[in-house]
Amino acid sequence: MTATATRVDNGVNVEALLGARQALTDTPEAARFKWRASCQWVRGTHSQSSVQGFFGLGSEQSHRTEFSFEADHPEVFASEDKGATPVEYVLVGLASCLTAGIAAVAQHRQIQLRSVKATVEAGMDLQGILGIDSDVRNGFDGIKVVFDIDADASKEDIAALVAQSQKRSAVFDIVTNPTNVTVEIR
Amino acid sequence: MTLAGTTDVVVIGAGHSGLAMSRYLSAAAIDHVVLERGEIANAWRRERWDSLRLLTPNWQTRLPGHAYSGPQPDGFMTMSDVIGFIDGYAKVVSAPVRTFTTVTSVSPLDGGYEVITDRRVWRARAVVIASGASSTPAVPALSSALPASVRSLTPREYRNPRQLDDRTVLVVGASASGVQLADEIQRSGRRVMLAVGEHIRMPRTYRGRDIQWWLDATGVLDERFDAVDDIVRARRVPSPQLIGTPERSTLDLNALTARGVELVGRLAGIAGGKAQFSGSLRNHCAMADLKLNRLLDRIDDWIEANGGSSEVDASERFAPTVTPQNPRLLMDLEAHRIGTVLWATGFRPDYRWLRTPVFDRKGNLRHEGGVVDAPGLYALGLNFMRRRKSSFIHGTEDDVRELGAHLVAYLRRVPLGELPPTATATASGGTPHRHVDSINLKSHFH
C-alpha cells in the first residue's frame, strides 16, 4: 500500500499546503489576504479586466504575470460579444475553485486522479435584470455543477471528495452565502 | 469575614464528572472539596427541557462504581431519572459537596490557587474544572439583527411548546437538540422550519442494536484526542441526530420532513427583517449521508471480522436525505409569521471566573486531554476531551482514572508552597522537573 500511496501525484504539493495551514494557524494575521482586480470600460458592454497584485502573508504579492479578461455580452443582447459575460466568469470561478479543491483533497487522501471535468449550468430569468418583474431576482435562480471524474477510488470516495471540495471552497461560499458589498466613487 | 479554607484540591461542579473525581480523590486519601453553585446535578435540574432524555441507553449510563440496575437496560433516562442517578451517586461516593456555593474567581496563588466563592475563600494546590461543557448557549452574533417582533430563545430556557405563541418557529441548528426541538414543536401543531448546517446523521438502531452499542464495540467512542487528525475540528463536531425514546425511534431529517418540518440551509444572515439561508443545504446533507455510510461500513466490517453476521440483523443502508427542490434562501420574518427563533447552535463552557492565562485566541481552554496549560489545573467532561466519549456520562470513568492519576502524581511531587516550573522555564533551560515519586504515568502524558 505504501508503495502505491507514494506514487499518487495530482501535481498538488500537499506538504506545502499543510505547512502553510500550520504556519497560518500560528500567525493568524498573515492569513489575512486581499484579492484585487481592476476593470476598464472599453465601449458598449465591453470591458477589459486585469489582475496581478494581491496582499497576503503580511506583504504585497504578485502573480508571475498580469492576467487579463475580456468581458462583453453576446450578440443576442445587441452587443459585440468580445468576451465572456460577467455571469459566465462567476461560473468559471466556481468550477475552477471546486476542481482545484478536488485535486488538493484527492492528493491529501492519496487518490490518483486521471481526469476531472466540471460542466456548469446556471439558470437566469432575464425579467429580473430587465426590470420586468420585481419578484424575479437579477442573479441565478440556481447553479448546477456536474463532475465527470476518473480516479482510483470508489464511487463513495469520489462523492466524498466532491463534497469536501464544496465545503472548503471560497467561491462556493461566495455564491451560497451573502457578502456585504461596498461600492464607492472616487 | 471567615478565614480561607485550605485543601489539596478544589473540584468545581457537583455533576457526574465532579463526583467521579471526588470518589477518585477520596480513594487516594486526597483532601478535597466539591463546590457546587446550586444543587447536585444542577444543570440537569434547571437547564434542560421537559421532554429531554439521555442520548445513551440505560445500560451505557454508568459512572465509576455506579450503574443502572433497573428493568429497562435499553431505555433512556428522563431528566428526573438522571437527577436521581447522580443524586444516588453523590450518596454512594459521600462526596464533600458544598452546595449553593458559586465560584466567582480562581487565580494562581503561592504555587496553588485561590478560589473565591460567594461564601468563603479556598486555597488549594490544584483545581479540577468540572463545571460542564454546556454552561452557555453559543448564540451567533447575527441574532442581534432579529427584529423586535421575533422572540429569541435558547435550549437552556426552552421547556415545552406551551411557552411559544402560535406563530412559526425557526429552529437554527440540526444537532440532537435542534432535531428534537423541531420535532416536538412541529408535533404541537406549530409550523417549524429547521436551518441545517453541518450535522451528524445516525439511526437509533442498526442491525437490531442501539447505535451506541456499535459505537462502543467498534471503538469509535474510545478514539483518543491524540490519535485523530484534527482535534480542534473533532471537538467542534455537533452532537449526532439522536433522540432517546421508549420506542427507540430514529429522528433524522427525512423523518422531520415527513412530519411537515421545512428544511432550509444554514442561517447565513439577518438583514432588513429578512433571514438569509445558505445555498449549501444539499452538500451538507450529502456529507452527512456519506459520513453515515462510512460509519455503517465500519460497523459491518467489524461484525464480519468478529464472525457475528448470523447473530445480528442484516446489513442495510438508509435512504439518502431528501432536500426540497428549491430550498428557501431568503425569508421575510414578519410576512412568514416567524414568532420564535430557537438557537440550537451549541453550547460553550463559561470560564469568566478563571483568572489565569490558559485560553487560546478564540477563548478556548488550552489543555492536553484535560491537563490544562497551567500547573495543577485540570478539566473534565469537555467535548472529545480525552476520548470521543468524554462529554458523555459513561466517558467519565476512563478520563477520571487517567486525570486522577496525573493529579495525584502532581500533588506528590509538588510540595505545598513550591512554585511548579512552567513550560517556559523548562524550555529556556530552567531546572528540569524531577519526579519525586515513582508513580508511573502513561507515556501519552507530558
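How far apart should the ends of the twelve-residue helix α1 of chain B be at 1.5 Å a residue, and how far apart are the end C-alpha atoms?

## Helix α1 of chain B

Helix α1(B), residues 16-27, should span 16 Å, and its end C-alpha atoms are 17 Å apart, which agrees. The expected span here is 1.5 Å times one less than the number of residues. Helices are DSSP runs of H or I with at least four residues, strands are runs of E with at least two, and both are numbered from the N terminus.

This is a predicted model, with local features needing pLDDT of at least 70, side-chain atom pairs counting only at pLDDT 80 or more, and totals for chains, interfaces and linings using all residues. Residues are numbered from 1 along each chain as its sequence is written, while chains are lettered from A and ligands numbered from 1 in the order written.

Buried means 20 or more other C-beta atoms within 10 Å of a residue's own, with exposed at 12 or fewer and partly exposed in between; C-beta atoms are placed from the backbone. Among the buried ones are B:His16, B:Met21, B:Arg23 and B:Leu25.

These buried residues pack against several elements of chain B, including β1 (5-12), α3 (79-93), β8 (121-129) and α9 (396-413). Contact is counted when C-beta atoms, placed from the backbone, lie within 7 Å. Just after α1(B) comes B:Ala29, with a positive phi of about 55°.

## A hairpin in chain B

Strands β6(B) (residues 103-109) and β7(B) (residues 112-117) pair antiparallel over six bridges; strands count as paired if DSSP finds at least two bridges between them. B:Val106 has B:Val115 in β7(B) as its bridge partner. The two strands make a hairpin with two residues between them, and B:Asp110 in the turn has a positive phi of about 50°.

## The five-stranded sheet

Chain B also has an open sheet of five strands, ordered β10-β19-β11-β12-β15, with parallel pairing. Its edge strands, β10(B) (151-153) and β15(B) (262-265), each pair on one side only. From one strand to the next, the twist averages 25°. Angles run from 0 to 180 degrees between N-to-C directions, and axes are lines fitted to C-alpha atoms, for helices over the stretch in contact.

Three bridges join β10(B) to β19(B) (residues 338-343), and B:Ser152 stands opposite B:Val341.

How values were computed. Contact = placed C-beta atoms within 7 Å.
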